Amino acid sequence: MNINWAVEITRLCQLKRKLNSADPEKLWPYTLPEVGVSEEQIELAEKHISHRLPNDHRHFLKHANGWKSFFHDINLFGTGDLQGGANFLRALKLIESLDSSVLHKSHLRKGDLLPIAVSINDIDLIVNVISGKLENKVIWFAGGEIERFQSFSEFFVGMIELTIEDICELENLT
């Protein structure tokens, strides 16, 4: 999937603003992404994790270096997180807590998983598969496997679609 990051990030910002307006209870924070980073900063993060990120994820980071409350209370990691920030450490603990039957059912091992997003209040965990037959897939876990995406780009677009669903649900309540 080829994606124009500037367009899609702007689209999600607009949708999050609309979600914020439709949400009388302010269930989720309305946030904007962090400023993008240089190739050198991405390479430093990759050196720290001993893995080169997929090209679409790298391009995203050049436009947005992470996004707090990217979807509900799920923080999408920037390069600082990938270098051992608190969000990354929380995500590693969630990976360790995944039941072996969940991993077996998903055809994965813990060592195959690189966390790229985590809920700050719940057990939602988003990982990039970094080795094996599922390499470069993005998987959302919350106890079990919730959803599987073919790429980081597809994951991002999937979160846009879920945000649209949230807006529709909230608008139907009013």
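**A predicted chain of helices and strands**

Read along the sequence, this chain runs α-α-α-β-β-α-α-α-β-β-β-β-α. That makes seven helices and six strands, taken as DSSP runs numbered from the N terminus, with helices being H or I of at least four residues and strands E of at least two. The radius of gyration is 16 Å, close to the 16 Å from the globule rule for 174 residues, so the chain is as compact as a globular protein of that length. That radius is taken over C-alpha atoms, and the rule is 2.2 Å times the number of residues to the power 0.38.

A note on the source: this is a predicted model, where local features need pLDDT of at least 70, side-chain atom pairs count only at pLDDT 80 or more, and totals for chains, interfaces and linings use all residues. Residues are numbered from 1 along each chain as its sequence is written, and side-chain values use heavy atoms, with hydrogens and water left out.

Now the inside. Of the 174 residues, 51% count as buried, meaning under 20% relative accessible area with a 1.4 Å probe, protein chains only; exposed is over 50%. The largest nonpolar core has 56 residues, and F60 and L113 are among those with the most contacts inside it. Such a core joins buried Ala, Val, Leu, Ile, Met, Phe, Trp, Tyr and Cys through side-chain atoms within 4.5 Å. Helix α7, residues 152-173, gives the most to this core, with nine residues.

S69, in strand β1, has phi near 50° and is buried at 5%. H107 has phi near 60° and is exposed at 65%.
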